[in-house]
Amino acid sequence: MFDSHIHLDQLDVSQIERIVSDPLLQGVLAVSTDLASAETLLAFKQKFPKIQIAAGFYPEQVLIEDKQQQALLDWIVKNRANLTAIGEVGLPHYLKRQNPKLDYRSYLALLEQFVALSKRLNLPLNLHIVHDDVAIMLDLLEKYQVQHAHFHWFKTDDDSLERFLRTPYFASVTPDILWNPKTQKIAKNLPLDRLLIETDSPWQHESLENARISQQLQAILAQLVTLRTESESVLRSQIRQNHQRLYEII
C-alpha cells in the first residue's frame, strides 16, 4: 500500500521511523506546507528511501510575500530531481469561510505559477482543491494542458464531479470514507484506474486516532470493497498501479 498524501514533517522521529519500517507500506508521498517544510522533507527522503516528497505551499494559511514565493519556486526548480510532485498546493477554501473578505486573487496567482511550473518540469500536482474551487482548478489545468494532477481528499458538488469524471485526473479518499456519505458517493463513482488512497496524517480520523498508517489504508480498502463491485485484491492491485502511473514510482 502507498499513502498518497501525508504531512510527514508534522510527526516526530519515532513516528516516522515506525512508518518507514512498516512492511505493509510500499511508501508515502510526503507533502510540504512551505519552503522550510520542503527542506525538512528532503532531509527525510535522503535518509529513508520509502519517502517520496512534494514541494509546495499549503493554501490554508497567510500568503507569503512575493520574494518568499519566488524562493520556493526556485527551490523546486533546483531540486527537481529529488521531487515526485508539486504539492500541496491549491486554494484557501476553509480560510475564506472564516474570512469572506479574503482576497482569492493573490492565492490564485500563486497557484497558477505552480501549475505553470508543473507543466514546465513535468511534475504531477498534488492539490488542495475542494467544493466550489474544483471548477476553478479544472479551468486552470485546461488552460495549461496539464495531464497529471491529484485532487487529495476529494470533495465537490455533483456538477463539478461530472466534469471531473471527464478528465484524466486522479482523486484520493481518506478514512472518512468509513462514515461520510459524500466521500462514499465519490468512491463509488470514481473510475478504478483513477482512484488513490491517503491518510492526510497527522489528521485524526474518527475511530482511527491511534491506528498505524497501514491500518488506516487497510480500513479504506475494506470500505471500498463494501461500496464497489471489485474484490480487495483487484482494488489493491489497481490502486498500486495508479500510484505508480501518476507518480512514476517503481
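A: Helices (H or I, at least four residues) and strands (E, at least two) are DSSP runs, numbered from the N terminus. The model is predicted, so local features need pLDDT of at least 70, side-chain atom pairs count only at pLDDT 80 or more, and totals for chains, interfaces and linings use all residues. Residues are numbered from 1 along each chain as its sequence is written, and side-chain values use heavy atoms, with hydrogens and water left out.

The loop in question runs between strand 8 (195-197) and helix 9 (213-227), and Pro-202 is found in it. Ser-201 and Pro-202 are joined by a cis peptide bond, with omega at about 15°. Ser-207 lies in the loop between strand 8 and helix 9 as well. The phi of Ser-207 is near 75°, a positive value in a residue other than glycine. Most residues other than glycine have a negative phi, and most peptide bonds are trans. Ser-207 is exposed, its relative accessible area being 58%; exposed means over 50%, buried under 20%, and partly exposed in between (1.4 Å probe, protein chains only).

Asn-122, with a positive phi near 55°, sits in the loop between helix 5 (104-121) and strand 5 (125-128).

As for the setting, the protein has 10 helices and 8 strands, and buried residues make up 55% of its 250 residues.
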